Amino acid sequence: MANKEEVKLVSVPSPNLIPERDVNSSPILEVSHLGIDFGGLTAVEDFNMAIGRTEIGGLIGPNGAGKTTIFNLLTKVYQPTRGTIMLDGLDTANMNTIQVNKAGIARTFQNIRLFDKLTVEENVKIGLHNQMGYSAATGVFRLPKYWKTEKAMHEKALELLSIFNMQDMANFAAGSLPYGAQRRLEIVRALATNPKLLLLDEPAAGMNPSETAELMENIRKIRDEFKIAILLIEHDMNLVMGICEAIAVLNFGKVIAKGTPTQIQNNPAVIEAYLGKQAQEELKKEV
Amino acid sequence: MKKMINKSTVTSFINYGIVIALFAVFQTLSATGNLSRQLTGLLIPICAYVIMALALNLVVGISGELSLGHAGFMSVGAFSGVITAAALQNSVTNDVARFVIAVVVAALIAAIAGLIIGIPVLRLRGDYLAIVTLAFGEIIKNVLTCLYIGVDSKGLHISAVSEEALGLEATGKAIVKGPMGAVGIMKISTFISGIILVLIALFVIQNLINSRTGRAIKAIRDNRIAAEACGLNVVKYKLIAFVTSAAIAGSAGALYAMNYSSITPKKFDFNTSILVLVFVVLGGIGNLTGSIIAAIVLVALPELLREFSDYRMLVYAVVLILVMIISNNQKTRAFIGKIFGVFKKKKEGEDN
């Protein structure tokens, strides 16, 4: 944590904060007054967030706070009850999951969703599906374009796999990989769809400390190399505080705090949400 | 270049090899007169059922949707093929050319039927497809049962009332006579044409599976939500698999029908759909080689067991159960794997 320089956050027109270096370009994602009700239950009430073009954002909160629901709203797995989502200046109101992906949001899942019976390489090629194409007939009759595109896809897939040093696993079935490798493969597959914004749902879940440290390095590397914004949900505070530049804390479907890691760590509302009121008072007494 | 030859390519060529080898064996047997009359009569139906099994495997094994109405597509293909062949009898005198046109028309019309059924149904999830395709198969059967079609110099006549209502000229001919089905069919299917159709079906299905489109179809089968998150158009790819399968089933129907002098709609009922599903399940879901072998064995078996007369179906059932047990048993699988493992090692040794 200590070796990380804290990024200064600045306000943008919508009531949000983004890193100062991104202030000259419009935010990649602007979410305002987003909410969803499931029957009488309000899962997300009034969620506002802006993400800068090269920001690594974090979304934290206790279990059941609505973090994954927000990811599902952003990717249109659920249609929001109210509010707007602007992706790179484009309103996603009438889009479905597929169109949102084509517009530039890729995601991973909390409970890993790989194509188990396909190989690692094929999983990545599915990510490349909309980038490099040929028709079904070209595939059946094996026209020259088939060989050319498949070769290009193969090379691109190996190149992407090399981010996590997974080239050697290319021909294994995705379902047979160890847990950590499956999580990494999901990230590679999401990256292959050429996103502007990458959503990672608990990328470090089930990883040991050394794997987590490696993952942190790789997330930063991905941001630097691909010049994309990343928003992640995570319970591992070392990871969140270590790489996120801006953090939003969610509790009961509402944002209770926003800011840099230091600001969040010292925010009384956050401590209350995580530890309860009593613990907070005891903490104060000690100080 | 050696790296380009991967596992799927090898499997594809093994399948082509099996079909061609079987063709050679049966052709030699029948040429030397060592094939019983019943079995000779079964050669074309076997080809048709192999094609059906391959087509259904594309939907059940590769696309992961259960279709219980594939006999419906077979029936659409059978009747449209027969009608086309009869209508062209005077204009196209060459049997082979007429057969080819009939099969192509049959495949096209079956594809259209697949599209009409697939568009509404493939938007649904779960078991709906199985139920609706089952209903579709029955609907097709019942519609064909009350359909009368005839041909004369003025072209095709269609009626849903009776043969007289067709108003055919004296020289005209009724092709489809309601419950009696199609009659007076010219038997223009041959064993060679059947084998060629099997090879074409294999070519289309295997190349489709091992392309970008097939990859998308398999990805959707494995995880629909992740496929959508990767930007795959789920309905489109399910539809491609379904319509391709329907077209291939239609061509199988045409091949089958033009082997008999008459054929009734009742032939393509629910039992036929289930029979084809048995081939697919027994051969291994998603395993094309298995489908081919299962279809051949299970179509030929009842004939080979004819000597047991009354006990025939009993033995048939026992064989089915035994194959299921053996092919799903870990130990037997390991044993078979060992045999192939030795074989592979030998090959690798030779390479060095």
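1. Helix H4 of chain B, in this predicted model, runs over residues 95-121, where helices (H or I, at least four residues) and strands (E, at least two) are DSSP runs numbered from the N terminus. At 1.5 Å a residue its 27 residues should span 39 Å, and because the end C-alpha atoms are 38 Å apart the two values agree; the expected span is 1.5 Å times one less than the number of residues.

2. Residues are numbered from 1 along each chain as its sequence is written, chains are lettered from A and ligands numbered from 1 in the order in which they are written, and side-chain values use heavy atoms, with hydrogens and water left out.

3. Between the chains, 32 residues of chain A are in contact with 28 residues of chain B, contact being taken as heavy atoms within 4.5 Å. The two chains bury about 2500 Å² between them, 62% of it on carbon and sulfur atoms; buried area is the accessible area (1.4 Å probe) that two parts lose on being put together, summed over both. In chain A, the residues that lose the most area to chain B are A:Phe115, A:His129 and A:Val140, together 23% of what that side buries.

4. The interface of chain A and chain B holds one salt bridge by the rule, which asks for a side-chain nitrogen of Lys or Arg within 4 Å of a carboxyl oxygen of Asp or Glu. A:Glu150 pairs with B:Arg215, the closest N and O atoms being 3.3 Å apart, and A:Glu150 and B:Arg215 are linked with A:Glu121 and A:Lys125 in a network of salt bridges.

5. Which salt bridge links distant parts of chain A? The side chains of A:Arg223 and A:Glu245 meet at 2.9 Å, N to O, and this pair joins helix H7 (residues 209-226) of chain A to the loop between helix H8 (237-243) and strand E11 (246-251) of chain A, the two residues being 22 residues apart. Both A:Arg223 and A:Glu245 are buried, that is, under 20% relative accessible area, with exposed meaning over 50% and partly exposed in between (1.4 Å probe, protein chains only).

6. Within helix H6 (residues 179-192) of chain A, A:Arg189 and A:Glu186 lie three residues apart, about one turn of the helix, and form a salt bridge whose closest N and O atoms are 3.6 Å apart. A:Arg189 is buried at a relative accessible area of 2%, and A:Glu186 is buried at 1%. By contrast in setting, B:Arg221, which forms a salt bridge with B:Asp222 at 3.1 Å between the closest N and O atoms, counts as partly exposed at 25% relative accessibility.

7. Two further buried residues deserve a look. A:Asn48, in strand E4 (residues 41-51) of chain A, has a relative accessible area of 11%, and its side chain reaches the backbone nitrogen of A:His33 at 2.7 Å. B:Ala130, in helix H5 (residues 128-145) of chain B, has a relative accessible area of 9%; B:Ala130 touches B:Leu66 and B:Leu68, not counting residues up to four places away in sequence, and the C-alpha atoms of B:Ala130 and B:Leu68, 62 residues apart along the chain, are separated by 5.4 Å.

How values were computed: Predicted model: local features only at pLDDT ≥ 70, side-chain atom pairs only at ≥ 80, totals over all residues. Polar contact = N/O pair within 3.5 Å; in protein donor to acceptor, adjacent residues only side chain to side chain.
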